[in-house]
Amino acid sequence: MAIRSYKGITPAFNESVYVDESSVLVGDITIGDDSSVWPLVAARGDVNHIRIGQRTNIQDGSVLHLSRATKNNPDGYPLIIGDDVTVGHKVMLHGCVLGNRILVGMGAIIMDNVIVEDEVIIGGGALVPPNKRLESGFLYVGSPAKQARPLTEQELSFLKVSADNYVQLKDEYLAEDAS
Ligand SMILES: CC(C)(COP(=O)(O)OP(=O)(O)OC[C@H]1O[C@@H](n2cnc3c(N)ncnc32)[C@H](O)[C@@H]1OP(=O)(O)O)[C@@H](O)C(=O)NCCC(=O)NCCS
C-alpha cells in the first residue's frame with residue numbers, strides 16, 4: 001500500500017477503513033470511519049487537504065486532487081467529501097465540496113469550487129465546470145452537467161443503500177485480508 005507522507009503529514013484513518021493496496025494516498029488526507037478506497041485510486045493531499053467523511057466509498061481508478069492557495073484565493077480549493085457518498089469508477093474530483101448521500105456516476109469530472117449539496121445524483125460521464133452549485137434533490141447529467149429532473153423517492157433512499165452496500169463490501173475485504 002502506498003501511504004506516503006508529504007511535508008511531514010501522513011494520510012490518517014483507522015482500522016475500520018479499507019484502502020486497497022494498489023491505491024496511492026499522499027499527504028494531508030483524513031478518512032472517516034467505515035469508508036473505503038478501491039483499487040488504483042490516486043489521492044494527493046499536497047498543496048491543500050483532502051477530507052473524506054464516514055461510510056463513503058471511492059471506487060476504482062478515481063483521481064482526487066485540489067488547488068493551492070493563491071494571492072487572490074488564499075484558501076485555495078481543498079477537496080471535501082461528506083458522509084455516505086458513492087464515488088463511482090474513474091471519477092475525477094478536483095478542489096470541490098461534496099455534501100452527504102451523493103452518488104457521483106462513473107467517469108464524472110467535478111472541477112474547482114463546485115459545491116454539491118446533500119442528496120444529489122450526478123450521471124455517469126457528467127462534467128461539472130468550476131464554481132457551480134448543484135441543488136439538493138436533483139439529478140444532473142451531461143457535459144456541461146445540467147439539472148435533469150428531481151430525484152424519485154426510490155433514488156433518494158438508494159443513496160444510503162449504495163453507501164451501506166459498500167460498507168458491507170469493505171468489511172468482507174478487511175476480513176479477507178485478516179485471514
Ligand atoms: C443518470 C442515471 C442515474 C439516470 O438513469 P435513468 O433513470 O435510467 O435515466 P432517465 O430514464 O431519467 O433518463 C432520462 C434521459 O437521460 C439520458 N441519460 C441517462 N443517463 C445519462 C447520463 N449519465 N448522461 C447523459 N444522459 C443520460 C437517458 O438516455 C434519457 O434520455 P432520453 O430521454 O433522450 O431517452 C444513470 O444513467 C447513471 O448515469 N447512473 C450512474 C451509475 C453509476 O455510475 N454508479 C456508480 C458506480 S456503481
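**Before starting**

The model is predicted; local features are reported only at pLDDT of at least 70 and side-chain atom pairs only at pLDDT 80 or more, while totals for chains, interfaces and linings use all residues. Residue numbers start from 1 along each chain, following the sequence as written.

**Stop 1: the open sheet**

Select the eight strands that form an open sheet in the order β2-β4-β6-β9-β12-β15-β18-β19, with mixed pairing. Strands here are DSSP runs of E with at least two residues, helices are runs of H or I with at least four, and both are numbered from the N terminus. Two strands pair if DSSP finds at least two bridges between them. At the edges are β2 (18-19) and β19 (146-150), each of which pairs on one side only.

Next, select residues 36-37 and 57-58. These are β4 and β6, which run parallel and are joined by two bridges; serine 36 stands opposite asparagine 57. Moving to residues 121-122 and 138-141, one finds β15 and β18, again parallel with two bridges. Here isoleucine 122 has tyrosine 140 of β18 as its bridge partner.

**Stop 2: the hairpin of β18 and β19**

β18 and β19 pair in the antiparallel sense over four bridges. Leucine 139 can be shown together with arginine 149, its bridge partner in β19. The hairpin has four residues between its strands, and glycine 142 takes a positive phi near 100 degrees. Then select serine 143 and proline 144: the peptide bond between them is cis, with omega near 0 degrees. Proline 144 belongs to the loop between β18 and β19.

**Stop 3: strand β5 and its partners**

Which strand pairs with β3 in the parallel sense over seven bridges? It is β5, where arginine 51 is the bridge partner of threonine 30. β5 is also joined to β7 by two bridges, running parallel, and alanine 42 stands opposite valine 63 in β7.

Within β3 (residues 24-31), select isoleucine 29. Isoleucine 29 counts as buried because it has 24 C-beta neighbours inside 10 Å. The term buried applies at 20 or more other C-beta atoms within 10 Å of the residue's own, exposed at 12 or fewer, and partly exposed in between, with C-beta atoms placed from the backbone. Leaving aside neighbours within four places in sequence, isoleucine 29 is in contact with Pro11, Ala43, Gly45 and Ile50, where contact requires C-beta atoms, placed from the backbone, to lie within 7 Å. Glycine 45 is 16 residues away along the chain, and its C-alpha atom is 5.7 Å from that of isoleucine 29.

**Stop 4: helix α1**

Select residues 153-178. Helix α1 has 26 residues and should span 38 Å at 1.5 Å a residue, which agrees with the 38 Å between its end C-alpha atoms; the expected span is 1.5 Å times one less than the number of residues. A kink of about 30 degrees is centred on leucine 159, the bend being the angle between axes fitted to the seven residues ending there and the seven starting there. Leu159, Ala163, Tyr166 and Lys170 are buried in α1. The buried residues of α1 pack against β2, β4, β6, β9 (86-87) and β12 (103-104).

**Stop 5**

Leucine 40, in the loop between β4 and β5 (42-52), has a positive phi near 65 degrees although it is not glycine. Leucine 40 is partly exposed, with 16 other C-beta atoms within 10 Å. Lysine 90, in the loop between β9 and β10 (92-94), has a positive phi near 55 degrees.

Serine 67 lies in the loop between β7 (63-65) and β8 (79-81). Is serine 67 buried or exposed? Serine 67 is buried, since 20 other C-beta atoms lie within 10 Å. Beyond four places in sequence, serine 67 touches Asn48, Gly76, Tyr77, Gly95 and Asp112.

**Stop 6: the ligand**

Finally, select the ligand and the 13 residues that surround it, the closest being Gly88, Gly105, Met106, Gly123 and Gly124. The shell divides into five nonpolar, eight polar and no charged residues. In this division Ala, Val, Leu, Ile, Met, Phe, Trp, Tyr, Cys and Pro count as nonpolar, Asp, Glu, Lys and Arg as charged, and the others, Gly among them, as polar.

How values were computed. Two residues are in contact if their C-beta atoms, placed from the backbone, lie within 7 Å. A residue is near a molecule or strand if its C-beta atom, placed from the backbone, lies within 6 Å of it.
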